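Student: I would like to go through this model with you. Could you take my questions one at a time?

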Amino acid sequence: MDPPNSFDEELRAFAAELRTLRDERGHRSYRELAGRAGRSDSGIRLPVATQSDAFSGKRLLGFDTLMGLVRILYAYDAFGQEIAVPPHSAPELERWRRDWRALAALRPTPTGRRTASPEPVPAPVPAGGRAPSHGAAPAPPPVPASEPRPAPEPHPARAPAGRGNAEESGASAAPPPPPALFTPRHRLSRHAGAVWSVAFSTDGRLLATTCEDDRVRIWHTGTGKQFAASLPGTFPVLFTPEGRILVTDAGNRTTVHQFATRTLSPAGPPLVAAGAPIRMMAYAPEPALLAVLDFEGDVRLWNPASGDGAALIDSEVQDPQDLRTLVQVPDGRLLGAGHGARVWNLLHPHPGTGEPIGPRVDAPGVLALSPDGRSVAFGRADGTAGVLGTRPGLPLVPLTGHRDAIHALAFRADGRLLASTSADGTVRLWDPRTGLPAAPPLTPHDGAVGAVGAVNGVAFSPDGRLLAAAGADGTVVLYERAAPAPEPTVATRALATAVRARQPVQLPPLKVAGALVRVAFAPSGQVLAATTGGRSVLLHDPVTGRALGEALVDPPTLPWALAFTPDGGLLATASVGRSVCLRDPVEPWSGRSVETGHTGAVKKIAFSPDGRQMATGGADATVRLWDRATGQLTASLTEHTNEVVGLAYSPYGLHLASSGADGQVLLWDKHLRALVGRFGRLGGGTAWAVGFSPDGGRLAAALADGGVRFWEPLTGLPVGSAGFGVGHTGAVYDLAFSPDGELLASAGEDGRVLLWDVTSGERVGHPLTGHTGAVNGLAFSPDGTLLATAGRDGTLRRWIVGSG
């Protein structure tokens with residue numbers, strides 16, 4: 001017998017979906033929605049009382065009224081601005097038609113019985129078995145049979161909606177194809193065989209891939225770079241929020257090993273977590289709880305940190321070997337889905353409590369539970385697939401499109417998007433509520449043919465921004481969400497107006513303990529590095545300001561030297577002990593040291609534009625040049641008479657400029673290792689920094705007398721009547737050209753940042769203020785839209801200076 005309150009619960013859930021749509025469209029008032037309907041010439045009427053009933057879940061509106069309300073809500077864009085009322089055949093309306101029919105089927109009649117479903121339910125199609133897979137933890141696909149597979153049978157056509165009106169049902173015109181949701185970002189191709197599965201870390205910054213060579217590889221999703229080391233193991237793999245990665249032992253698939261995500265070193269006791277090979281893992285952070293499902297249908301619970309646990313849940317599934325997937329839902333329950341697409345509440349006071357969820361599904365080769373536990377998707381070896389709600393009486397939603405065996409399924413975290421992969425070489429994206437395609441198919445491995453072209457695994461990042469697809473051809477394609485260009489809001493237009501007028505806009509500052517000295521952007525623009533007076537290096541997301549891991553304190557860092565290689569592959573800092581530490585930004589906690597041979601501290605580091613040469617400036621008044629590939633010293637330049645504190649290569653790599661505490665700015669031929677320009681001993685003491693404009697036509701120096709001086713590097717002639725005049729009231733510690741070459745920024749002891757017009761030498765706008773002490777370093781982002789400044793007051797400030 002169906003629970004008596006299922007209709008009421010579903011009606012409340014439906015009303016919540018309506019409220020969400022209203023919020024997404026600007027949260028218009030009832031009166032505004034009624035007025036929009038009246039101006040639409042659509043004949044839609046939306047009395048306030050009717051809207052109140054719909055949004056509160058008081059009653060189910062009639063079909064025409066409900067669809068009228070939804071059409072008016074869609075008559076606003078994502079920014080709440082009025083747009084055209086969508087036609088009856090608009091594809092975004094189909095999910096609401098489907099949900100209305102499902103609710104109407106549940107609505108009790110005056111006799112207390114439910115009404116008959118207005119749509120026929122497709123008969124299940126038998127299919128051959130296949131080792132199950134799910135999202136990040138699929139089982140390896142068997143070798144395809146030599147005989148051709150039968151084509152999947154078409155699903156019955158959907159019944160017309162509403163009053164039978166062809167226009168209302170959408171039969172009068174085919175809906176336009178949906179736009180692309182994801183575009184390729186990286187192709188990860190260092191695997192030694194077919195890739196079985198993919199799994200994202202909880203912050204989406206890392207991706208783990210499992211391969212038939214029984215190695216787990218870790219990748220940085222921002223750069224597409226692989227960690228230097230890999231782990232022995234196989235699927236399933238799981239990241240925890242505490243910074244661990246749990247890997248199944250490839251030789252003994254009943255055991256799970258724990259590793260630290262940052263170092264890949266062991267981080268906890270092995271868990272003999274199953275009595276049979278492990279099929280899937282699920283994790284709940286509070287309290288820390290790991291659930292492990294094995295191929296015999298047993299579920300065990302563990303505390304990964306202590307190794308305590310081994311509590312066995314008796315799922316009481318009639319055929320336990322068909323319990324195939326787990327999910328930890330937001331209310332803390334642990335659910336499993338098994339044979340017949342039956343869902344089991346595994347943490348219920350009566351373990352093993354299960355509910356039928358509609359028509360029985362025979363031989364579901366692949367299963368996936370939605371993150372809220374309200375839907376279960378299945379796929380078979382013949383390419384047929386569908387979605388069922390986990391409440392009684394909801395109809396099956398068929399997914400039609402794959403031409404071969406379905407290998408993996410994964411829901412996005414919000415449950416509104418479902419991805420499926422297949423031996424036909426495609427990844428398809430679905431609206432799980434309607435069964436309609438949400439985007440054109442993705443073909444990540446379309447260069448391969450036959451079995452090698454199959455897509456074995458798929459996963460969404462936790463924020464839904466990334467999608468990873470694992471291929472039998474040994475590659476993984478990482479996609480990112482293709483965000484449509486929205487109409488600019490008032491705020492974005494105001495921001496664009498400000499930056500066009502060269503009025504920088506400050507983002508909230510970041511505060512750390514102790515002084516900040518130098519700052520640098522990675523060439524990708526995704527990492528902002530800063531050195532501190534406390535001999536450490538900090539890494540931040542330049543947009544959100546979020547720290548990217550803990551401070552790097554080993555080896556201790558001298559603060560005045562900081563540089564990325566042009567390809568972003570290495571971050572260089574000066575270490576205590578006259579050496580340079582080269583770190584991989586993907587694995588910044590590990591690095592190698594280069595002994596420089598300086599007899600004093602390393603004060604500055606620079607890389608040639610091609611990345612082949614590294615220059616170091618030292619307190620011993622020398623400039624030393626290094627072959628980066630071999631680590632060999634190639635030259636030692638000795639014209640300075642005091643410590644070298646500034647270094648910069650020209651954009652085309654022909655020259656190297658240096659500056660020092662002796663007040664000199666020198667120009668060197670990089671290849672001849674010879675001095676070709678001397679700009680004299682500048683008055684006022686130390687020349688703290690030098691830099692070339694992006695076109696190579698200007699050489700700038702930051703001076704201790706508060707001035708910024710410009711020259712033409714090849715002629716040695718000053719630009720302007722006196723170079724650039726004095727702008728700061730104290731020493732200038734750093735300078736940077738914008739990537740477009742139009743602006744120069746200077747950082748001063750007076751706590752101000754000044755912007756200069758490179759062509760005219762005039763100041764631009766007002767000084768950038770906010771630091772309560774000297775500004776030691778600054779840098780433009782690679783796209784020129786952001787300026788970062790590092791202060792002695794311990795603040796890292798970011799200024800929007802361009803619109804991109």
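Student: Where does proline 236 lie?
Tutor: Proline 236 lies in strand 6 (residues 234-239) of this predicted model. Helices here are DSSP runs of H or I with at least four residues, strands are runs of E with at least two, and both are numbered from the N terminus.

Student: What kind of peptide bond joins phenylalanine 235 and proline 236?
Tutor: A cis peptide bond joins them, with omega of about -5°. Another cis bond runs from aspartate 554 to proline 555, where omega is near 0°. Proline 555 is placed in the loop between strand 32 (537-540) and strand 33 (557-564).

Student: Which loop holds arginine 578, and what is its phi?
Tutor: Arginine 578 is in the loop between strand 34 (571-575) and strand 35 (579-584). Its phi is positive, about 70°, although the residue is not a glycine.

Student: What about alanine 621: what is its phi, and is it buried or exposed?
Tutor: Alanine 621 also is not a glycine and has a positive phi, of about 75°. It belongs to the loop between strand 38 (613-618) and strand 39 (623-627). Alanine 621 is buried, with a relative accessible area of 10%, whereas arginine 578 is partly exposed at 42%. Buried means under 20% relative accessible area, exposed over 50%, and partly exposed in between, using a 1.4 Å probe and protein chains only.

Student: Changing topic: how are the numbering and the confidence limits set?
Tutor: Residues are numbered from 1 along each chain as its sequence is written. Because this is a predicted model, local features need pLDDT of at least 70 and side-chain atom pairs count only at pLDDT 80 or more, while totals for chains, interfaces and linings use all residues; side-chain values use heavy atoms, leaving out hydrogens and water.

Student: What is the mean pLDDT of the protein chain?
Tutor: The mean is 81, and 82% of the residues reach 70 or more. pLDDT is the predictor's confidence in each residue, from 0 to 100.

Student: On to the helices. At what angle do helix 1 and helix 4 cross?
Tutor: The axes of helix 1 (residues 6-24) and helix 4 (residues 63-73) come within 10 Å and cross at roughly 25°. That makes the two helices roughly parallel. Axes are lines fitted to C-alpha atoms, for helices over the stretch in contact, with angles from 0 to 180 degrees between N-to-C directions. Angles under 35 degrees count as roughly parallel, over 145 as roughly antiparallel, 65 to 115 as roughly perpendicular and the rest as oblique.

Student: Which residues make that contact?
Tutor: Helix 1 contributes Phe14, Leu18, Leu21 and Arg22, and helix 4 contributes Leu66, Val70 and Leu73. By class, six are nonpolar, none polar and one charged. Ala, Val, Leu, Ile, Met, Phe, Trp, Tyr, Cys and Pro count as nonpolar, Asp, Glu, Lys and Arg as charged, and the others, Gly among them, as polar.

Student: And how does helix 1 cross helix 5?
Tutor: The axes of helix 1 and helix 5 (residues 94-106) come within 9 Å and cross at roughly 160°. Helix 1 is therefore roughly antiparallel to helix 5. Phe7, Glu10, Leu11, Phe14, Glu17, Leu18 and Leu21 of helix 1 meet Arg95, Trp96, Asp99, Leu103 and Leu106 of helix 5. This contact has eight nonpolar, no polar and four charged residues.

Student: Next, what does alanine 276 touch?
Tutor: Not counting residues up to four places away in sequence, alanine 276 touches Arg253, Thr254, Asp294, Phe295 and Glu296. Alanine 276 is buried, with a relative accessible area of 6%. Its C-alpha atom is 5.9 Å from that of phenylalanine 295, 19 residues apart in sequence.

Student: Finally, is arginine 500 buried or exposed?
Tutor: Arginine 500 is exposed, with a relative accessible area of 61%. It is found in helix 7 (residues 490-500).

Key
Contact = heavy atoms within 4.5 Å.
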